[in-house]
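Open the structure in your viewer and keep the selection tool ready. This tour moves from stop to stop.

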Amino acid sequence: MSGAGAAMRRVFVDGERAELDQPRAAELAGLAARVRELTEAVVHTDVDAAEVAAVSEEIAALTRRLAAARRAAPPIAAPVPGAPHIGRQLANPVTGPLNPIAPPVEIHTRPDRTVFCDFTLTSVYEGPPGFVHGGVSAMVLDQLLGAAAHAAGAPGMTAALDLRYRRPTPYGVPLRGEAEATEVVGRRTHTAARIIAPDGTVTVEATAVFVLPRGLTPEALGNVE
Ligand SMILES: CCCCCCCC/C=C\CCCCCCCC(=O)SCCNC(=O)CCNC(=O)[C@H](O)C(C)(C)COP(=O)(O)OP(=O)(O)OC[C@H]1O[C@@H](n2cnc3c(N)ncnc32)[C@H](O)[C@@H]1OP(=O)(O)O
């Protein structure tokens with residue numbers, strides 16, 4: 001089994017990671033939300049030098065307080081019987097409510113096993129002035145495509161990701177992401193996705209191939225049939 005396959009098995013099957021119950025996850029999600037506000041405030045602040053120095057010191061003190069009890073690795077959510085593991089990565093950089101760098105994006109699965117998300121990216125994800133950074137769009141799409149593979153019962157790691165940036169993606173407005181699996185061949189799942197702006201314009205199209213690491217089964221990653 002590849003290193004990644006073995007690691008996934010240790011986390012999702014053998015219970016190597018700390019597992020948080022819902023109230024604890026909600027507490028930490030609240031903390032992460034405050035840090036997202038802080039990031040926005042840092043990016044946009046125009047307070048004077050003395051205030052920047054004073055706030056920097058206070059933040060350093062807050063960091064030391066949080067680090068007083070530190071886990072070796074990000075925790076995951078406790079398993080919910082019958083539910084897939086995909087939502088258990090609470091610190092995922094796209095969907096993780098505990099991770100301040102995650103927007104976070106909430107991905108939903110439809111009964112037909114396609115997936116979608118409605119999300120708004122703030123100006124902290126700016127690439128070209130006024131628009132979303134292409135790498136951020138790629139990151140969101142990678143996760144959404146992976147969720148589509150997972151929803152189709154054929155999860156895996158990203159082996160290939162192909163992007164076509166058709167139009168600039170605006171930030172600060174509601175965006176829609178959609179994805180679906182198009183073909184499953186052995187351990188390989190082909191997927192397609194897109195980001196759609198409020199006026200219906202498709203701004204980014206993506207296709208990806210996901211490959212299930214050797215030695216893992218979809219069931220080990222918590223797929224439910
Ligand atoms: C973050 C993961 C979370 C997991 C959570 C688990 C629960 C939820 C589950 C799922 C949710 C997913 C949501 C996450 C979304 C984000 C995912 C990422 O960010 S993943 C990180 C970036 N990707 C890597 O780091 C891969 C690095 N690459 C590898 O480890 C290997 O190359 C790997 C596993 C992809 C393939 O290695 P081999 O040794 O198994 O490959 P061989 O046996 O040669 O090929 C198997 C089949 O795949 C095809 N294949 C391999 N590479 C391909 C490629 N680049 N393009 C097309 N086909 C490829 C081959 O042609 C072959 O197909 P034929 O069986 O012959 O039909």
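Where is the place of Arg-113? Select Arg-113: its place is in the loop between β3 and β4. Strand names here follow DSSP runs, numbered from the N terminus (helices: H or I, at least four residues; strands: E, at least two).

Two notes before moving on. This is a predicted model, where local features need pLDDT of at least 70, side-chain atom pairs count only at pLDDT 80 or more, and totals for chains, interfaces and linings use all residues. Residues are numbered from 1 along each chain as its sequence is written.

Stay on Arg-113. Its phi is positive, about 75°, although Arg-113 is not a glycine. Arg-113 counts as partly exposed because 13 other C-beta atoms lie within 10 Å. The scale uses C-beta atoms placed from the backbone: 20 or more others within 10 Å is buried, 12 or fewer is exposed, and partly exposed is in between.

**The sheet**

Now show the strands. Six of them form an open sheet, in the order β3-β4-β6-β7-β8-β5, with antiparallel pairing. β3 (107-109) and β5 (157-165) stand at the edges with a single partner strand each, so one side of each has no neighbour in the sheet. From one strand to the next, the twist averages 20°. Axes are lines fitted to C-alpha atoms (for helices over the stretch in contact), and angles run from 0 to 180 degrees between N-to-C directions.

Zoom in on β4 (residues 115-120) and β6 (residues 174-185). They pair in the antiparallel sense over six bridges; pairing requires that DSSP finds at least two bridges between two strands. Pick Phe-116: opposite it, in β6, stands Glu-178.

**Two loop stops**

Select Pro-103 and Pro-104. The peptide bond between them is cis, with omega near -15°. Pro-104 has its place in the loop between β2 (76-77) and β3.

Next, Phe-131, in the loop between β4 and α4. Phe-131 touches Pro-168, Thr-169, Pro-170 and Tyr-171, not counting residues up to four places away in sequence. Contact means C-beta atoms, placed from the backbone, within 7 Å.

Technical notes: Contact = placed C-beta atoms within 7 Å.
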